[in-house]
Amino acid sequence: MTMLAEAPLKNAIPTDQELIDFVVREARLIDQQRFDEWLDLYADDAFYWMPLEWNQTDPRLTCSLMYEDKLLLSIRVERLKGARTFSQKPKSRCHHVLQTPQVDSRDTAANRYVTWTPMHYVETRLDEQALYAAWATHHLCVEDGRLRIKLKRVDLINCDAAFGNIQLFM
């Protein structure tokens, strides 16, 4: 049995459990390297943000580890799939360990839902393995009866440390 990338909502307004299931499913798609399906979870005007500073409030006025719109995310996905991407031979692999996501806010009139998920993330390639601790905040909306990511913010505990290349998505 294949896991569906995204389950359609039963109603126009998502339940807390549907929001939680969505966040867990998103991490699983990354772990299984189902990047096209993962990318489809993002709204066209979405951003993926990894701040560089603790409690950073603006990705445009302060440098970030990543601040990518859907176009940049799709370019990274294409690079990961590329036959000539020698930096990905063998491919990097990852594993998310999530605590149960919590629904921080729901504004059904504005079609905005926010979840917060503490997590550990392991990324490995060849003999190198890195462990990161972080919190993921998902800003979600409903489009065409499906949940979509408007913003995914990943706050690393040690965001101001010196990092090597992070190849995949946390």
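The text below treats the aromatic pairs and then the cavity.

The model is predicted, so local features need pLDDT of at least 70 and side-chain atom pairs count only at pLDDT 80 or more, while totals for chains, interfaces and linings use all residues. Residues are numbered from 1 along each chain as its sequence is written, and side-chain values use heavy atoms, with hydrogens and water left out.

**Aromatic contacts**

The count comes to 10 aromatic pairs; rings of Phe, Tyr and Trp (its six-membered ring) pair if their centres lie within 6.5 Å, with planes under 30 degrees apart counted as stacked, over 60 as edge-to-face and the rest as tilted. Two of these pairs are tabulated.

| Pair | Centre distance | Plane angle | Class |
|---|---|---|---|
| Phe47 and Tyr67 | 4.6 Å | 5 degrees | stacked |
| Trp54 and Trp135 | 5.7 Å | 65 degrees | edge-to-face |

Phe47 lies in strand β1 (residues 42-51) and Tyr67 in strand β2 (residues 64-69), so this pair ties together parts 20 residues apart in sequence. Strands are DSSP runs (E, at least two residues), as are helices (H or I, at least four), numbered from the N terminus. Trp54 is partly exposed at 49% relative accessible area, where the class runs between buried (under 20%) and exposed (over 50%), with a 1.4 Å probe and protein chains only. Trp135 is likewise partly exposed, at 24%.

**Cavity**

There is 1 cavity of 30 Å³ or more, a cavity being a set of points on a 1 Å grid over the protein atoms alone where a 1.4 Å probe fits but cannot get out, with lining residues having an atom within 4 Å of a point. Helix α1 gives the largest share of the lining of the largest cavity, 3 residues.

Technical notes: On a 1 Å grid over the protein atoms alone, a cavity is a set of points where a 1.4 Å probe fits but cannot get out, and a pocket is an open set with protein on both sides within 12 Å along at least five of seven lines; lining residues have an atom within 4 Å of a point. Grid points are joined across faces, edges and corners, and a volume is the space filled by probe spheres set on the points.
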